[in-house]
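These are my notes from looking through one structure. I wrote each entry as I looked it up.

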Amino acid sequence: MTGRAPLLVVGDALLDRDLDGHADRLAPDAPVPVVADCAERLRPGGAALAAYLAARDGREVTLVAGVGDDPASRELTRLLEPWVKLIPLPLTGPLPEKTRVLAQGRPVTRLDRGSGTTREATAAVRAAIRSAQAVLVSDYGRGTADALRDVLSDHPPLVWDPHPRGGPPVPGTRLVTPAEQEAHRFVGQGPAAVRELRTAARAAAALVAHWRAGAVAVTLGARGALLSYGDQPLLCPAPEVHGADPCGAGDRFAATAAGLLADGALVGEAVEGAVTAATAFVGEGGAGALMLSDDSTEAAEPGDDVRAVLARVRAAHGTVVAAGGCFDLLHAGHVGLLEAARRLGDCLVVCVNSDASVRRRKGDGRPVTPLDDRVRVLLALGCVDAVAVFDEDTPERLLAELRPDIWVKGGDYSGADLPEAALLQEWGGQAVLLPYLDGRSSTRLMTRAAGAV
């Protein structure tokens, strides 16, 4: 772990499923699209998604939720096991499941099944809440929060993410995070009031008083969040994001805010951080783009998000650009190349040599910068959308898997030194050279550094 505070998540768990295919025709018996060749993706949903996201942030997470012995419950338990400690509550009926059917990445319909609810608490759960340093309640209106209301009232949570079907947050909750439409429903305002900051501010102030909460942050989607302590609100705007999937954004917001508060942040700082995290989450494809790993002892492998980036760009008929190299000591020449490459299309995937590959190519003592650090620095560049790692001497195998539309190399390569060019032609791609800034190279940097010692 990273020294971040542990978090206890209390709420209603779901199993979410995406069936993603393509729709090119209507059914002959009804004017509905036929979604063919569907790929299935399973992931935790509801409170389980909030717990999973908090665990992926690098903190110890315990989830209290209703879970049974039905197939959906067993599948959810399997998904959570590497990441989250689960303390189950008795569930009446099968675990709720939500299935989205998508065509070219866009939702067509949703199918819900499973009526399981939580009816009673257990001594183990009560003890876990009383001893928890920080609690997030993720209430999806299926009984868990209501069954534990008495013990939560004695130990108010840091964050309560409410649902109109559930009960109100307990008094003393530090931050409540309703979505805009939920906030208007809680105060009895109609849909005509939605998207007016004035009415959102009034709703937030009214809810602070009504719920006796420390603060209320009304999430406004692409506009950010409106934070109120009962008086003049603070608007935390969201960075601009395009072509995004908002599925799971509320869970990302609540999990981030709770984690930051647990780590000692002020409420305003936590809300600002949650807006930034939720916006990035949506921009990366939302919950539908999550790549779950079965190994909790290692960080996600570089390139785990590559397929999600490619799927999103190709669904929008965009252009995929890839560039490659060792990037051992990142310098201005690299940055200029990558910025120019990104301008050629709609996303940039950087294919980077593994440590073993660099060592074979460059000799002993290389790389100077280990793979994890190189990947982290590359991903910090605004022009880089994803990083993929290859262990071979050249990236042909990886390119055949990614099939980019454009492959970019630095201008210190001649045409004869670019074997990937022929490979790109197999799927109609194009290899191009871009000039490096003159005089910049990792080798020169190391030589200069050695001379200065």
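I checked the length of helix 8 (249-262): its 14 residues, at 1.5 Å a residue, should span 20 Å, and its end C-alpha atoms are 20 Å apart, which agrees. The expected span is 1.5 Å times one less than the number of residues. Helices here are DSSP runs of H or I with at least four residues, strands are runs of E with at least two, and both are numbered from the N terminus.

I noted the basis of the entries. The model is predicted, so local features need pLDDT of at least 70 and side-chain atom pairs count only at pLDDT 80 or more, while totals for chains, interfaces and linings use all residues. Residues are numbered from 1 along each chain as its sequence is written, and side-chain values use heavy atoms, with hydrogens and water left out.

I looked up burial in helix 8. Buried means under 20% relative accessible area, exposed over 50%, and partly exposed in between (1.4 Å probe, protein chains only). Among the buried ones are R252, F253 and A254. After helix 8 comes G264, with a positive phi near 105°.

I then turned to T177, in the loop between strand 12 (175-176) and helix 6. Is T177 buried or exposed? T177 has a relative accessible area of 3% and is buried. I listed what T177 touches (heavy atoms within 4.5 Å): leaving out residues up to four places away in sequence, the list includes W160, D161, F253 and A254. The side chains of T177 and D161 make a polar contact at 3.1 Å. A polar contact is a pair of N or O atoms within 3.5 Å; within protein, one must be able to donate a hydrogen and the other to accept it, and residues adjacent in sequence count only if both atoms are side-chain atoms.

I looked up the second largest pocket. A pocket is an open set of points on a 1 Å grid over the protein atoms alone, with protein on both sides within 12 Å along at least five of seven lines; lining residues have an atom within 4 Å of a point. The lining has 48 residues, with A179, P246, G248, A249 and G250 nearest the centre of the pocket. Helix 8 gives the largest share of this lining, 5 residues.

Conventions: On a 1 Å grid over the protein atoms alone, a cavity is a set of points where a 1.4 Å probe fits but cannot get out, and a pocket is an open set with protein on both sides within 12 Å along at least five of seven lines; lining residues have an atom within 4 Å of a point.
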